[in-house]
Amino acid sequence: MSSSGKPGLSKSLILKGMQCPKALYLAKNPPAFEFPPQPHVEAKFQTGNQVGILAQQLFPGGTEVPFDGLSVTEQIAQTRQLIDAGEQVIYEASFAFEGIFVKVDILVKDGDAWQIHEVKMGTSVKEVNCDDVAIQYYVLTNCGLTISESYLVHINNSYVRQGDIDVQQLFVGEDVTDAAIERQAGLPELIACLRTTLAGSEPDIDIGPHCKDPYECDFIPYCWQHIPKNSIFDLKGRGIKKFDYYHRGIIKFEDLSLDDLHKAQRNQLEATLNQQDSINRVGVKEFLDTLWYPLCHLDFETFDTPIPPFDGTRPYQKIPFQYSLHIQQSVGAEPVHTEYLVEPGNDPRRELAERLLAEIPADACVLTYNQAFEKGVLRNLAELFPDLADALKARVENVRDLMVPFRKRDLYRWQMRGSYSIKVVLPALVPDLSYAGMAVADGMAAMRAYHKMCALDDPLALAGLRRGLLEYCRLDTLAMVRILGALEGVEK
Ligand code: SF4
């Protein structure tokens with residue numbers, strides 16, 4: 001309960017409640033349910049903090065109201081003292097009105113009034129960002145401040161770093177004053193409704209598109225428990241309104257009419273229900289005929305970040321820090337493995353490009369899984385290093401995509417569930433190889449491990465992360481070797 005006598009609400013809780021009142025209720029009254037860990041949430045939070053701190057340089061010389069070590073009441077009191085003392089720029093300025101607590105990323109004096117600057121690590125203004133600023137505007141104006149302008153400060157993804165970060169170029173401030181003001185009239189009623197929700201029992205709100213819009217809700221594992229395996233939501237592709245079926249009680253594959261589905265969905269459904277595989281030998285042969293030897297199975301791991309780390313990089317550009325190569329000299333030959341993983345903190349690009357060119361023969365077939373990704377990385381390296389460009393472009397020309405026969409369903413196992421991701425194709429085709437139980441088991445986890453490596457100096461922890469990354473990337477290309485072997489076996 002806040003000092004106003006009303007239940008305390010933060011800006012983020014209101015935004016949660018705007019997405020779904022049940023999410024707000026569950027956030028305040030956590031259910032007895034074991035939620036899976038969400039390592040990406042902590043990583044996103046840390047990146048957001050880094051972006052927020054950097055954006056403070058847009059208005060240098062301000063004073064920060066710290067979050068840690070101060071109670072909410074103390075943060076509000078300190079903000080008031082700074083305002084009274086004539087401070088021109090306050091970071092994390094804290095206010096509360098009727099139990100609604102907000103922290104303004106950057107509050108800037110503008111004559112007798114103030115400007116709100118809300119910092120986001122996205123690259124454009126979204127409706128939910130305007131809601132966010134509107135709540136701040138509501139609280140601040142009700143605390144007696146006059147707000148002249150409100151800005152949403154986001155990342156400019158066309159900025160290219162050269163030397164030190166230029167914050168004026170990295171960030172774009174978009175004026176969202178009108179959007180914030182337009183939302184004011186509806187806020188008191190909305191807040192009253194959310195308070196009524198909190199005072200009651202768990203709201204009876206069914207799942208729907210709102211579970212993933214504008215954010216993926218934290219409570220999906222809890223609210224979606226009743227959805228069975230092989231449900232309408234497991235059907236791949238568009239073309240049918242899944243929630244319409246759900247609301248009509250048509251949920252399981254068995255309940256669906258084939259006439260309502262497009263061809264790929266019909267195939268997925270029939271294959272799953274009948275546990276039926278399918279092979280188009282001509283298609284598989286056509287694909288295999290596009291390959292030649294020596295053949296290099298290639299997989300990159302990349303990281304991206306809103307703050308470009310090196311010269312010549314843009315926000316969120318995918319930067320390779322690791323690769324694995326399995327090289328086969330002929331069909332079915334024992335592969336030779338080689339790999340690269342940068343030392344944390346170093347710019348990997350030149351070393352990685354040179355190693356790669358030394359290890360992939362100019363005339364070799366370069367096999368990838370989802371070629372757009374690997375081609376994009378190679379092209380970026382070619383752009384960056386003109387002296388290596390011709391050699392890198394030659395490797396791009398030689399790229400072939402192992403995903404093709406699975407995307408075209410020339411080879412389909414019913415366990416693939418309509419997917420052609422390597423994570424699904426591998427266990428369906430090669431049951432003795434699996435990503436299960438690995439310390440790093442997908443690309444996002446690899447990126448998190450890399451970021452962690454850059455922040456650590458404990459040799460034991462570093463060695464563990466390094467081992468996890470090498471094992472994961474190695475398995476990706478070993479998986480390709482085995483999947484290719486399975487395709488070659490089919491064709492015989
Ligand atoms: S999972 Fe969906 S229904 Fe459940 S709380 Fe979240 S948004 Fe609401």
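Two strands count as paired if DSSP finds at least two bridges between them; strands (E, at least two residues) and helices (H or I, at least four) are DSSP runs numbered from the N terminus. This is a predicted model, so local features need pLDDT of at least 70 and side-chain atom pairs count only at pLDDT 80 or more, while totals for chains, interfaces and linings use all residues. Residues are numbered from 1 along each chain as its sequence is written, and side-chain values use heavy atoms, with hydrogens and water left out.

Getting from S2 to S3, the chain passes through helix H4 (residues 72-84) in a right-handed β-α-β crossover (clockwise from the first strand over the helix to the second, with the strands pointing away from the viewer). S3 itself (residues 89-97) is mostly covered, with seven of its nine residues buried (buried is under 20% relative accessible area, exposed over 50%, partly exposed in between; 1.4 Å probe, protein chains only). On to S4 (residues 100-110): eight bridges join this strand to S3, and the two run antiparallel. Ser94 sits opposite Lys103 of S4, and in the hairpin turn Glu98 has a positive phi of about 45°.

As for charges, the structure holds 16 salt bridges (a side-chain nitrogen of Lys or Arg within 4 Å of a carboxyl oxygen of Asp or Glu). Arg350 meets Glu354 at 2.8 Å, N to O, and Asp387 at 2.6 Å. The Arg350–Asp387 pair links helix H13 to helix H15 (residues 386-397), 37 residues apart.
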